[in-house]
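My entries follow the model itself.

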Amino acid sequence: WAAVLAAARDTKGGEQTVGLVRAIPRLDADRQKEAREALAERLTRMTPATLRTMLSDPDPELRRGAALACAMKDDAAHVPDLIERLDDGSDLVVRAARAGLRSLTGQDFGPPAGADDAAKRAAKAEWQ
């Protein structure tokens, strides 16, 4: 598992990204966590433009990974992109965007996990 995961994380090519994104929902909790970390690490090599595109992808696993990669790149230019994800339909993406914003800014305006649409909109306005 460790070797396969390392190869998926480190090998060039979009098929590796797609493979991780497709595999994550099928894995048990421990391996899912490891695969999500590998995906986020993999995505840190992407350009800001590519990450912006990934933040709007239909797949929530890719949006989540892209949000975490934005934070891992430690580039405040991604703050507006992460704010836009605070009202995402997937709570996993919202939590990743919030974590990224906290990491990049040192502040926390929410929203809390499991927030309803009104709370997400309020947090988004506060961040802006």
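I looked up the handedness first: α1 and α3 cross in a right-handed way (the near helix is turned clockwise from the far one by less than a right angle). The model is a predicted one, in which local features need pLDDT of at least 70 and side-chain atom pairs count only at pLDDT 80 or more, while totals for chains, interfaces and linings use all residues. Residues are numbered from 1 along each chain as its sequence is written, and side-chain values use heavy atoms, without hydrogens and water.

For α1 (residues 2-10) and α3 (residues 29-43), I noted axes that come within 8 Å and cross at roughly 25°, so the two helices are roughly parallel (an angle under 35 degrees). I then listed the contacts (heavy atoms within 4.5 Å): L5, A8, R9 and D10 of α1 meet E34, A35, A38, E41 and R42 of α3. By class, this contact has four nonpolar, no polar and five charged residues.

Next I turned to L39, which lies in helix α3 and is buried, with a relative accessible area of 1% (buried means under 20%, exposed over 50%, with a 1.4 Å probe and protein chains only). Neighbours within four places in sequence aside, L39 touches T17, L20, V21, I24, E61 and G65.

Last, I checked α8 (residues 117-127), where K120, A123, K124 and W127 are buried. Seen down the axis of α8, these fall within an arc of 100° and so line one face (the arc is that of the directions from the helix axis to the C-beta atoms). They pack against α6 (79-84) and α7 (91-105), whereas R121 and A125, on the other side of α8, are exposed.

Terms used: Axes fitted to C-alpha atoms, helices over the stretch in contact; angles between N-to-C directions. Helix = DSSP H or I, 4+ residues; strand = E, 2+ residues; numbered from the N terminus. Parallel < 35°, antiparallel > 145°, perpendicular 65-115°, else oblique. Nonpolar A, V, L, I, M, F, W, Y, C, P; charged D, E, K, R; others polar.
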